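User: I'd like to learn how to read side-chain packing and charge pairing in a model like this one. Can you walk me through it?
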Amino acid sequence: MARDGLGYFWQRPRTHRDLLTERRVSFLELFYDLIYVVLIARVAVGLHEHIDLRSVAGFCVLFGLVWIGWYNGSLLHDAHGRPDVRNRLFVFLQMFAISAMAVFAPDALGSGGRGFAICYTVFLAILVWQWVVVARIERSDAVYGPLTRSYATTMVLMTVWIAVSVFLDDDRRVWMWGAFVAVFIIGMLVFANWLRGDEGAEEAAAPMATESLLERFALLMIIVLGEVVASVVDGLGSVEHLSARVFATGFAGLAVGIAFWWTYFDLIAMRRPIATTRSRYLYNLAQLPLALALTGVGAATVSMIEHAPDESTPSATSWLFGGFVALAMVTSAWLMRLLDDYDRMSSMYRPAVMFSLLIAVLALGLAAVQPPPLLFALAVFAAMSVQWIVMVIRWLDTPEGLAKTAEFRGSPI
């Protein structure tokens, strides 16, 4: 009996038909995400040290690669993982490859590029094997058979693409990586529209909106907001003369990070997208620019701290900070429009979207004016605080707010 029970520890992956829509995130997934804390921090190092068009573009490309890897690993585990030894071994193998990527990440645009590409290729190869196994298991399924075969084939091509970049010079390698990220984004957009009219399309998109995957997106936002905190601490720690103005600038940047936390976790996190194929795909994809922007805000804050004594923010730093704030606010507005709660709670979400777009315009306007770093960060924080106060007032009149306040009034204190 005990020998027969050993099969529990080595099972085949779950199929899409076995999808657990209300599963909670496991400790293994939390451990997996912890590795990305290190990788994301190492990717942001380039922006901490030098700001120009090449470093910003390179950061966006590298972050895109990291997010695509995280998303594939997370989606694979969420839809097909089991709490057995087999699944754990594959997750641990991915984690070794991710850790190796982190070693080369700070110099990935130059001398470390070949090492980063090799590690990323190994990481993708592990995912390919897992996706191929899933495709074989589901080959006879009318809905998921063609879908998993197409995705496994796509993963093979993606892996070959990165493997080829190993043998190129630094500049061409980065261009190939940029094309890789662009094709992935375009592919998701095309795939969402291609599936939209097909029979079984809604069923096929079910894995894109499970409760546990929404939780993973929220956890990733915690990771990138943690990068904002780490950037502020590192920036303040590296300043030789820590004056009150420098200290205040760092904490104003931290306040902007806190404001983003308030916006995301009150208005977006753990709220389901509209139950259509297109909305689910776009909701998943929109997590990329938002995570990128929040990480960028943290990296830009380091430069803001360095120039805190200046009477105006240097042009490069100003546009970096303002641009990433604007990108985060526009993406937040986009995510709100994709939520299933948007129409039901329109009295809150419509002004929230409008405020997000106005704050994006304000951030870009401030970037053009180049005020002192402290004033810049405080102005963004003040605008986001006003948005949150208005949203709280509007939330009180929504069905959700009325239910919560009625529950509170009926509870003994």
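Analyst: Let's begin with contact, which means heavy atoms within 4.5 Å. This is a predicted model, where local features need pLDDT of at least 70, side-chain atom pairs count only at pLDDT 80 or more, and totals for chains, interfaces and linings use all residues. Residues are numbered from 1 along each chain as its sequence is written, and side-chain values use heavy atoms, with hydrogens and water left out.

User: Which residues does Trp 67 touch, not counting residues up to four places away in sequence?

Analyst: Trp 67 touches Phe 184, Phe 217, Leu 220, Asn 284, Leu 285, Gln 287 and Leu 288.

User: How do I read a nonpolar core, and how many residues has the largest one here?

Analyst: In soluble globular proteins, nonpolar side chains tend to be buried together. A nonpolar core is a set of buried Ala, Val, Leu, Ile, Met, Phe, Trp, Tyr and Cys residues joined through side-chain atoms within 4.5 Å. Buried means under 20% relative accessible area, exposed over 50%, and partly exposed in between (1.4 Å probe, protein chains only). The largest core here has 121 residues, and Leu 39, Trp 67, Phe 123, Phe 260 and Phe 321 have the most contacts inside it. Helix α12 gives the most to this core, with 15 residues; helices are DSSP runs (H or I, at least four residues) numbered from the N terminus. Another core, of 6 residues, lies apart from it, and Val 232, Val 246, Leu 254 and Ala 308 are among its members.

User: What about charges: how many salt bridges does the structure hold?

Analyst: Side chains of opposite charge can pair when their charged atoms come close. A salt bridge is a side-chain nitrogen of Lys or Arg within 4 Å of a carboxyl oxygen of Asp or Glu. The structure holds 12 of them. One joins Asp 78 and Arg 23, with the closest N and O atoms 2.7 Å apart. Asp 78 sits in helix α4 (residues 53-80) and Arg 23 in the loop between α1 (2-5) and α2 (27-43), so this pair ties together parts 55 residues apart in sequence. Both Asp 78 and Arg 23 are buried.

User: Where does the Arg 245 bridge to Glu 311 sit, and is Glu 311 buried or exposed?

Analyst: The closest N and O atoms of Arg 245 and Glu 311 are 3.7 Å apart. Arg 245 lies in helix α11 (residues 244-267), and Glu 311 in the loop between α12 (277-306) and α13 (315-337). Glu 311 counts as exposed because its relative accessibility is 60%, while Arg 245, at 30%, is partly exposed.

How values were computed
Helices (H or I, at least four residues) and strands (E, at least two) are DSSP runs, numbered from the N terminus.
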